[in-house]
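Biologist: Could you take a close look at one part of this model for me? I would like to go through a single interface with you.

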Amino acid sequence: MNEIAHFSQERLDPSVRDMVEDLICAYAFALDDEDIDRWPYFFTESGVYVLTTKENHDAGLPIGIIRCIGRGMMSDRVKAFHTANIFEPHSYSHMVSRPLIGRGPRQDSYVARSNFQVIRTMQDGRTELFATGKYLDSMVIEKDAARFQERIVVLDSRQVDILVVMPI
Amino acid sequence: MNEIAHFSQERLDPSVRDMVEDLICAYAFALDDEDIDRWPYFFTESGVYVLTTKENHDAGLPIGIIRCIGRGMMSDRVKAFHTANIFEPHSYSHMVSRPLIGRGPRQDSYVARSNFQVIRTMQDGRTELFATGKYLDSMVIEKDAARFQERIVVLDSRQVDILVVMPI
Amino acid sequence: MNEIAHFSQERLDPSVRDMVEDLICAYAFALDDEDIDRWPYFFTESGVYVLTTKENHDAGLPIGIIRCIGRGMMSDRVKAFHTANIFEPHSYSHMVSRPLIGRGPRQDSYVARSNFQVIRTMQDGRTELFATGKYLDSMVIEKDAARFQERIVVLDSRQVDILVVMPI
């Protein structure tokens, strides 16, 4: 994402930055609040969600761990999540950095990169750094709010077996 | 805090967002810098500070671990903190996410939600993730600066015995 | 840094805040992306980088662990980093808080304080909280972008032997 270094010089309309940052922020809070049914609606109808590792991403391998194309496929994952919910009780807390934001290829489209951490707390109080990495996003403005056209979640670690069900 | 999802659509005056974010930020830095005497002054005269757990909060239980009503009660806690300071030397570092911010019930009142982490570093260098959770805030603008009317600290963990003295 | 408490009351031009925050953000991402050759260019030609500990900083000791004066000295460190790169493979992820920002002593100069964490992930997936602390920055606006005139990295821990090579 060296391009970010270049596109970050341009000043965006402050309301665009607010919309983009609010989207990134609301997405994280929805997952933390176990409001997973809202998850597909942070994306456009044809939006794409990819979960991959830094190792794969840096090697240019397009094969992610998870790839959801469109809200329909995302809703299927949400259903799977509800039925597969056999875990020990726990909660998540996201921490997302300020994003660098630039203009995307189309009118009213934007790209962004941010860092994230997810902390998991088990019911007995144990906490662990569950995942860290970066979000590489493309967004469009739809009806006065931003939505993801594509969100690529790049995990720092390649140990990801446990991540199959819950979106990051 | 599903309401946040709705109120986050509205654009606020950028100077209001700045005042609210500066308040949240300065509060964290004051605690990290052991400048605890300033703590009551981040609240209005009648401000309320509540420390509770996710378990209690989600169950709608208003009983927190700590509840301070008004700056007087907060100043008493500050005094207790100074006299009870018998700990092994350590320092805290807060990390607070961007808040979602919305209008509150009154003119010039605002509500916000953010995530936080507190890292504790012991003098020998050991670090631990001391606390994670979310801040649920109500704020008012007083004399060109924001202050908390209410700050509810919702801890992800229910293991909180150690938290009795220091504000989060 | 009690001064921060005072200078944070003043509202800055939003584009100044954006430039300052983009600088802090791009700096962190460049290090995370192993783009260390760019590191000296986040500073002015005569910029200063200091890495120190909270213990030393609070005691007013100007002696840091590392002190680079000017881009030339920084470029030497970058070269040293490339040749000394004998580590077990790993990656870093910075998380930086919102900064409090104030006016500096000169026209178009600014000061800022933020908190940071650096998470290190080893190739086998182990993660650790590698460093936490605060950034104390002075910046100037040069050709429509902000650069560091001075960046003081204050580590919470005094255990720093491992930090000799990589900038934080």
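How many salt bridges does the rule find across the interface of chain C and chain B?

Modeller: Happy to! First, the ground rules: this is a predicted model, where local features need pLDDT of at least 70, side-chain atom pairs count only at pLDDT 80 or more, and totals for chains, interfaces and linings use all residues. Residues are numbered from 1 along each chain as its sequence is written, chains are lettered from A and ligands numbered from 1 in the order in which they are written, and side-chain values use heavy atoms, with hydrogens and water left out.

Now to your question: the rule finds eight salt bridges between chain C and chain B, each being a side-chain nitrogen of Lys or Arg within 4 Å of a carboxyl oxygen of Asp or Glu. One of them joins C:Arg98 to B:Asp18, with the closest N and O atoms 3.3 Å apart.

On the side of chain C that touches chain B, two or more residues come from each of α1 (2-7), α3 (54-58), β3 (90-96), β5 (109-122) and β6 (127-142) of chain C; these helices (H or I, at least four residues) and strands (E, at least two) are DSSP runs, numbered from the N terminus. β5(C) has the largest share, five residues.

As for extent, 27 residues of chain C are in contact with 26 residues of chain B, contact being heavy atoms within 4.5 Å. Together the two chains bury about 2300 Å², 47% of it from carbon and sulfur atoms; this is the accessible area (1.4 Å probe) lost on being put together, summed over both.
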